Amino acid sequence: MRPEPSVGIIGWGSYIPRWRLSLSEIARLWGFAPETPRGLNVVEKAVAGRDEDAVTMGWEAARNALLRAGIDPKEIGAVWFGTESKPYAVKPSATIIAEALGITPDTMATDLEFACRAGSEALRISIGAVASGLVKYALVIGSDTAQANPGDVLEFTASSAATALITGPAREAAAVFEASYTYVTDTPDFWRRAHQPYPLHGEGFTGEPAYFHHIINAVKGLLEQTGLRVSDFDYAVFHQPNGKFPLAVAKRLGFPKEKVLPGLVTPYIGNSYNSSALIGLSRVLDIAKPGQRILLAPFGSGAGSDAYSIVVTDKIIEKQDKAPKVDDYINRKYMIDYATYAKFRGIITRIR
Amino acid sequence: MRFSIPRYWRERHSHYRLYAKKCLKCGRINYPPSNICRYCGSNELEDYYLENEKAKVISWTIIYPAPEGFEEQRPRIIAMLETLETKTHIIAPLTDILPEEIKEGMIVEPVLRRIKEDREAGLIHYAIAYRPVIGSIGTKEQ
């Protein structure tokens, strides 16, 4: 069974916190070479405020998706929340968001974990759930206040943002899924053990055997399954741990830079983990035209990648202006220093 | 546990969605919710949520001596607001804003935020705060 063509995106929305930390401030504090940010092709990263977390950011992204969907929240039959920074180790984030948006109690709800691609796994599950008739609409959220060990190279890019997608019947959709494919293996590129505050990564593993191997094989799998060629796509959106990897993987797959740049958000806000690729898709949907075809390829450490072919319909036009766009949030920014960032993200230890 | 778990649970719809009552006789919004309309005395009211209404800032106060549990949010900014559609008055925290950016009459919108937490291991209390509508306060470079 190929469930994809009967399912599409009914609404989409993102959220980025107002606060930004310059990467050169991180380099200054920890004694990195001043050119390090340029090497990552990232200028600033978004930082969640003291009263924000993955739940509050996911809530706002979902509210924007609901505004674009124009549906009664009670019609949503599943709330699936992908994160690696859930506020509670045990107590679902999905139910807080579902309750706060008026979706409860007649719904499924759970949190998923697969490093940066839990939200994407939720998206594939939702395609099956909608196609089978198990639910009419599903709310899929990728949200993270990404953690990094202070002074670790990961700290340059670990940022905060959220993206939500509401999937439902293709006949109502702003964009329909044409096909999807997933490629996973056991790869030790990045992990966080229980009770540890920060993740670790396997030097030398994060690039070639993890990011590039999985994304390239997921995209190749999709192309083989569909018979589509690289030239059939108008946009290509990849997981974006920094500003360089997505351009490098695009080059190796044969996508020109101009098809990648519209969905490349990390240079402005950093890597928002579960929202990383999805916020790129969100930004492309903000400007896409009917008939255009989008390649979406999220990646998560551990490791795996999904590849989706998404075709935009004429219903997208009426939805684009119904909620704030990704660029509205990118442009809403206020620069903070490292001390404020440390306070906002709970890096300063206090007795409470 | 210092906070009342039953109370947080009981009031979750007020905290998350600004639960109110709309009078079916005079049409006014009773917030906080009441089973008898405080404007006309009718007992015919229906559930109403103020969660989607933008509001304008009428007045505000900046609280520097934050109560216990709010030290990390110092200074706290608490505003009196009037919602744009139903003209309901609400007292709520302002967020994503610096004290010098607040102006009388500025338009704000409700967002879900962490209001307080019960130390390291207890419950996190989520509730509505208000912040300037997206696009109304721009970059530092402005």
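Colleague: Which is Ala89(A), buried or exposed?

Modeller: Burial is judged by counting neighbours: a residue is buried if 20 or more other C-beta atoms, placed from the backbone, lie within 10 Å of its own, exposed if 12 or fewer, and partly exposed in between. Ala89(A) has 7 other C-beta atoms within 10 Å, so Ala89(A) is exposed. This is a predicted model, in which local features need pLDDT of at least 70 and side-chain atom pairs count only at pLDDT 80 or more, while totals for chains, interfaces and linings use all residues. Residues are numbered from 1 along each chain as its sequence is written, and chains are lettered from A and ligands numbered from 1 in the order in which they are written.

Colleague: Where is Ala89(A) found?

Modeller: Elements are DSSP runs numbered from the N terminus, helices (H or I) of at least four residues and strands (E) of at least two. Ala89(A) sits in the loop between strand S4 (76-82) and helix H4 of chain A. Its C-alpha atom and that of Ala250(A), 161 residues apart along the chain, are separated by 36 Å.

Colleague: How many residues of H4(A) are buried?

Modeller: Six of the eight residues of H4(A) are buried, so the helix is mostly covered. Among them are Ile96(A), Ile97(A) and Ala98(A). Just after H4(A), Gly102(A) takes a positive phi of about 75°.

Colleague: At what angle do H3(A) and H4(A) pack?

Modeller: Two packed helices are described by the angle between their axes and the distance between the axes. Axes are lines fitted to C-alpha atoms, for helices over the stretch in contact, and angles run from 0 to 180 degrees between N-to-C directions. H3(A) and H4(A) pack at about 45°, with their axes 10 Å apart. That makes H3(A) oblique to H4(A) (under 35 degrees is roughly parallel, over 145 roughly antiparallel, 65 to 115 roughly perpendicular, the rest oblique). The crossing of H3(A) and H4(A) is right-handed, the near helix being turned clockwise from the far one by less than a right angle.

Colleague: Which residues of H3(A) and H4(A) meet?

Modeller: Contact requires C-beta atoms, placed from the backbone, within 7 Å. From H3(A), Ala54(A), Val55(A), Gly58(A), Trp59(A) and Ala62(A) meet Ser93(A), Ile96(A), Ile97(A) and Ala100(A) of H4(A). This contact has seven nonpolar, two polar and no charged residues (Ala, Val, Leu, Ile, Met, Phe, Trp, Tyr, Cys and Pro count as nonpolar, Asp, Glu, Lys and Arg as charged, the others, Gly among them, as polar).

Colleague: How many residues does each chain give to the contact between A and B?

Modeller: Chain A gives 25 residues and chain B gives 22 residues. H3(A) gives the most to the side of chain A that touches chain B, with four residues. By class, that side of chain A has nine nonpolar, four polar and twelve charged residues.

Colleague: What is the order of the five-strand sheet in chain B?

Modeller: Strands pair if DSSP finds at least two bridges between them. The open sheet of chain B runs S6-S5-S4-S7-S8, with antiparallel pairing. Strands S6 (89-93) and S8 (124-132) of chain B have a single partner strand each, so one side of each is left without a neighbour in the sheet. Nine bridges join S7(B), residues 107-117, to S8(B). Leu112(B) stands opposite Ile128(B) in S8(B). H3(A) packs on this sheet, touching S7 and S8 of chain B, and its direction makes about 155° with that of S7(B).

Methods: Two residues are in contact if their C-beta atoms, placed from the backbone, lie within 7 Å.
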